[in-house]
Structure formats: C-alpha cells, structure tokens
Amino acid sequence: MLDFDPNSAADEEAGVFGLPHEEKDAALVLVPVPWEATTSYGGGTSKGPAAILKASGQVDLFDSEVHRPYEPGIFMRTESKEVRAWNKTAKTAARKIIKAGGRIEGNKNLQQALKITNELGGKLNDWVYREAKDLMDAGKIAGIVGGDHSVPYGAFQAAAEKHGDFGLLHFDAHSDTRVAYEGFTWSHAAIMYNAMENIPQISKIIQVGIRDFCEQEHKFIRSLGQRARVFYDRDLATRRFAGEPWTKTAGEIAASLPQQVWITFDIDGLDPKLCPHTGTPVPGGLDLAQAVHLIGLVARSGRKIIGFDLNEVSPAPGGRDEWDANVGMRLLYKLIAWTFVSRGLCKTRE
C-alpha cells in the first residue's frame, strides 16, 4: 500500500476496484459465484461477477459519505473453474425441464435432468458454505457476488453458525419464496423459501421493493407472521405520492431489522433502467440512491452488517455496453463501505 495512489487510474493488473490488496491483508473478501442454472427468462448472470470485476476499476475510491472505504482492504477471489463446469452441466439439464414447463411426469429423461440439476445445486450450496465459513473463521467479512439469486444459501448457513440469530434485508422485485419452482429445489425463485424454512437462526426477513409474486408466495410470507415484513413497491410508491420523505420510510424499514443483518440484494430490486439486462426485469423499483440511503441508515443505526450478497447483474449480450456492470460495481462498493461502517472499520464523513 506504500506506493498506492487512490487518486490515480487503476492498474490493469490490480485487483477489484483497482486495489493492490492480497487476501491476507483484506478485511472483506468477495467470492464470485458464476452460476445461473435455473434461470428461466433472461440469462447471463453467471457472467456478472467477471463483468463487475472488469468494470470496477472505473470507480473513484473517494467516497462522499464514508472515509476511505478501501483502506480496511478488499479482495476478490478468482472464479472457480469447477463451479463454472457445474453451471454448464446443470444449465444444460435444466433447460430441458424449463422448456417442458416443469412437467416431467412419466418422462425418465426429464426426471434424470431434474435430479442432475438439483444435485449440482446442492453441491453449489456446499461449496459456497465452505468458502464463506473459511472466510468467517479467518476473521474476514464475506461478500458473495452472483450469479443468480440462488447462490447465497450456503453463506446464510455459514453466517447462522458463526453469528447466531440474524435478519435478512432483502432487496428484490420478486419474493423468491416459491416452493421448488419448476421442480428445482434450489431455484433462484425459491431461495427465501429455503432460507426461512431451513435456517431457524434467520429470525426475520424484511423484503423491500417486491412487486412480482404469486398467490402461494403471498400466503407463505403471511404464514411467517412476525418473522416477516414486506415493504411492497406499490406501498412505497403510495407513500412517496403522499409526500412522505424517503428518510422516514427508510428509517421505518431499518428499525424493523434485528441487531445483526445480512443484506441480500437482487439487482432487479432497482428500477430496470439501472439494470436493463438482468434476468427478470420488472417495471418499478428503487433508485440507486434510495437503496444506498437505506443501507447507510442500517449501518448508522448501530446494527451490524454481518455480510451481504449481490446477484443477477447481467452484462449486455455480446458485450455491447457495460451499464449493468457499472451500476452493479458501484452498488457493490457502497455495500462494502457501509458494511465497514457497521463493523467500526470506517467512519462516516460529517
């Protein structure tokens, strides 16, 4: 770090955000997960981590809200070739089932394809769990970069073992509480169902920006009672139309969370003008400044952000532009900055 100038252009050989840190020196380590096996609409999210890494050198490290958020150290691990191979196999198998609309009764070939997809999804969970646990046991903060939104499940498990009870702050256009969508146990559309059903240490889920969900998902969330609260996009819009300041709304959201928080962020929770190539864009959603303001309020409230994931960033087909990756890497940098603030590793600017 002695020769590092945070005001200069990023070196092409440098790490994420143009930083010179090695993993041993970094307080926070990013784990890229190039996985999108069960995506059934748009694709490309498995390329998200690499696109974010490539675009990240364009960020200005100086932050108007947080004192030098790069100083505690940020490192991004190399993508796993094994995970990429699993993704290719699982995606090929899953595509057959998706084409059949999930109707596989009496079809041995499709039943075998489903078995392959589910088994590889389970292997992916175990891999993410081991990566996250390794980092947490080493005293690092883990940040997961997907991939589709199924990827952080293993990290939730590791966080539960390391930190005990915690809440999920879930930004998304979708509820993601379907049960084995299209037969896929580890579907991106089932991640929050799996988390709330299988990980009792998740004491509460607060969902923000939700605007696309089925009746079964609505009933499931209601069945959780006080363990869940949803700030639907339509309700956030109604408050805004009535003149309620976002600071007040965001303060209510932050106050709903327990002391320890994992932030799970699907980029399609934002207005799709900010992420037009994400897999399942839905009109509506948050502005980037709204999302970052809420995350900042969580950190300023004294709550501890124990980790986070960012998913569903999909670059334009053929590399036509870097807009999605540009927005994704800037959101990632702010997630890191406010996580550091919540852990006492950085201070806010006056």
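Two strands are taken to pair where DSSP finds at least two bridges between them, and in this predicted model strand β1 (residues 28-33) is joined to β3 by six bridges, the two strands running parallel. Within this pairing, P32 has V145 of β3 as its bridge partner. On β3, I144 is in turn bridged to D309 of β8, and β3 and strand β8 (residues 304-311) are paired in the parallel sense over three bridges. These pairings belong to an open sheet of eight strands, arranged in the order β2-β1-β3-β8-β7-β4-β5-β6 with parallel pairing. The edges of the sheet are formed by β2 (74-76) and β6 (228-231), each of which pairs on one side only, and the twist from one strand to the next averages 20°. Elsewhere in the sheet, strand β4 (residues 166-171) pairs with strand β5 (residues 202-208) through six bridges, again in the parallel sense, with Q207 of β5 as the bridge partner of H170.

Strand β3 (residues 141-146) is mostly covered, six of its six residues being buried. In a regular strand, side chains alternate between the two faces of the sheet. In β3 both faces are covered, with I141, G143 and V145 buried on one side and A142, I144 and G146 buried on the other. Helix α3 (residues 108-137) lies across β1, β3 and β7 (260-266), and its direction is at about 170° to that of β1.

The largest nonpolar core comprises 60 residues, and those with the most contacts inside it are F17, L30, I74, L169 and F171. Helix α10 (residues 323-342) supplies the largest share of this core, namely 12 residues. When residues up to four places away in sequence are not counted, F17 touches S56, G57, V59, L61 and I74, together with M329, L332, Y333 and I336. A second, separate core holds 45 residues, among them V151, A159, A160 and F166.

Helix α10 also meets helix α1 (residues 48-55), the axes of the two coming within 8 Å and crossing at roughly 80°. Since angles of 65 to 115 degrees count as roughly perpendicular, α1 and α10 are therefore roughly perpendicular to each other. The contact brings A51, I52 and A55 of α1 against A325, N326, M329 and L332 of α10, and its residues divide into six nonpolar, one polar and no charged.

Helix α4 (residues 153-163) has eight of its 11 residues buried, so this helix is largely enclosed by the rest of the structure. The buried positions are Y153, G154, A155, F156, A158, A159, A160 and H163. Just after α4, G164 adopts a positive phi of about 75°. In the loop between β3 and α4, where G147 is placed, a cis peptide bond joins G146 and G147, with omega of about 20°.

With buried meaning under 20% relative accessible area and exposed over 50%, A180 is partly exposed because its relative accessible area is 27%, whereas E182 is buried because its value is 16%.

Note on methods. Residues numbered from 1 in each chain as written. Predicted model: local features only at pLDDT ≥ 70, side-chain atom pairs only at ≥ 80, totals over all residues. Heavy atoms only, no water. Core = buried A, V, L, I, M, F, W, Y, C linked by side-chain atoms within 4.5 Å. Buried < 20%, exposed > 50% of the residue type's maximum accessible area, 1.4 Å probe, protein only. Helix = DSSP H or I, 4+ residues; strand = E, 2+ residues; numbered from the N terminus. Contact = heavy atoms within 4.5 Å. Axes fitted to C-alpha atoms, helices over the stretch in contact; angles between N-to-C directions. Parallel < 35°, antiparallel > 145°, perpendicular 65-115°, else oblique. Nonpolar A, V, L, I, M, F, W, Y, C, P; charged D, E, K, R; others polar.
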